[in-house]
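Thanks for making the time this morning.

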Amino acid sequence: LYRREFAVLRWIQRTIPRRPMLPVALFIHHFASEAILIPFVGVFTWVVSLPAAGSTTSCMCFCVSLNFGLKWIWQRPRPLWLDMGKVSEVWNIGAVWEADYSFPSGHSQSLAGVLLCAHFTFQLTMHWLPVMLLLGAFVGLSRNYLGVHWCSDTLTGWLIGSLSGIAWGLLDPYAALLRLGDPLISTVVGLGSALAVILLAAVCVM
């Protein structure tokens, strides 16, 4: 499996020109990470529309939490952990390094989820739907180009994120809580969600 995946990564790195791909891939690597996105969507919620932006932010938190759990369940090594290019000829083109597990891709999952959730919560026209899907897929390609993820990582992350974003955007649980207008229900749901994430993290690291 890894031999075939290395072959695909090698083809991607050799086929796609470094410019403009490398600067774009590095931008995505540094600025589309969870550490940047979560504070950004928080400010976004404060500045823009609370119901729509709040739903998008909650979707982002869900995607990040789910990705964390899946990575610890699978514990799959990254390509560069197994070989730095001497045998596979898949190189650390951007001189970047990731310390967490590989499957599924967090960048792909989080970005795909946020983009598609925003499409529905902000009620964009259907012309934007393929754009959001393609942007999420491109994020995955950029991760493959840098050699930090297997193609199966980014494809799975994109699929999970896309399905999560579409479901979250259509169901819009945050807006549903706002419509209820009951602080007690909102508090119970919030605390229950936080507890579920903590329990998932505890199970994954055991």
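This is a predicted model: local features need pLDDT of at least 70, side-chain atom pairs count only at pLDDT 80 or more; totals for chains, interfaces and linings use all residues.

With a relative accessibility of 38%, Val8 counts as partly exposed. Its C-alpha lies 9.0 Å from that of Asn144, although Val8 and Asn144 are 136 residues apart in sequence.

Of the 206 residues in the chain, 43% are buried. If we take the contacts with a separation of 6 or more, 79% of them are between residues 24 or more positions apart.

Back to H1, then. This helix has 14 residues, and the distance from its first C-alpha to its last is 20 Å, close to the 20 Å expected at 1.5 Å a residue. Its buried residues are Glu5, Phe6, Leu9, Ile12 and Gln13. Seen down the axis of H1, these buried residues fall within an arc of 120°, so they line one face of the helix.

What do the buried residues of H1 pack against? Their partners are helix H5, residues 79-82, together with H7 and H8. Let me take the pairing with H7 in more detail. The axes of H1, residues 2-15, and H7, residues 129-146, come within 8 Å and cross at roughly 95°, which makes H1 roughly perpendicular to H7, since angles of 65 to 115 degrees are counted that way. On the H1 side the residues involved are Leu9, Ile12 and Gln13, and they meet Leu141, Asn144, Tyr145 and Leu146 in H7. By class, this contact has 5 nonpolar and 2 polar residues, with no charged ones.

The next helix, H2, can be read in a similar way. H2 covers residues 18-31, and at 1.5 Å a residue its 14 residues should span 20 Å; the end C-alpha atoms are 19 Å apart, which agrees. Buried in H2 are Met21, Leu22, Ala25, Ile28 and His29. Those residues cover an arc of only 135° around the axis, and therefore sit on the same side of H2. Turned away from that buried side are the exposed residues Arg19, Pro20 and Phe27, whereas the buried residues of H2 pack against H7 and against helix H6, residues 106-121.

Now to H4, residues 50-74, where we find Thr56. Is Thr56 buried or exposed? At 4% relative accessibility, Thr56 counts as buried, because the cut-off for that class is under 20%. Setting aside neighbours within four places in sequence, Thr56 is in contact with Val114, Cys117, Ala118, Thr121 and Phe122.

I will finish with H8, residues 151-171, whose 21 residues should span 30 Å at 1.5 Å a residue, in agreement with the 30 Å between its end C-alpha atoms. Its buried residues include Gly157, Gly161, Gly165 and Gly169, as well as Trp168. Just after H8, Asp172 takes a positive phi of about 50°.

Notes:
Residues are numbered from 1 along each chain as its sequence is written. Side-chain values use heavy atoms; hydrogens and water are left out. Axes are lines fitted to C-alpha atoms, for helices over the stretch in contact, and angles run from 0 to 180 degrees between N-to-C directions. Helices (H or I, at least four residues) and strands (E, at least two) are DSSP runs, numbered from the N terminus. Angles under 35 degrees count as roughly parallel, over 145 as roughly antiparallel, 65 to 115 as roughly perpendicular and the rest as oblique. Contact means heavy atoms within 4.5 Å. Ala, Val, Leu, Ile, Met, Phe, Trp, Tyr, Cys and Pro count as nonpolar, Asp, Glu, Lys and Arg as charged, and the others, Gly among them, as polar. The expected span of a helix is 1.5 Å times one less than its number of residues. Buried means under 20% relative accessible area, exposed over 50%, partly exposed in between (1.4 Å probe, protein chains only). The arc is that of the directions from the helix axis to the C-beta atoms.
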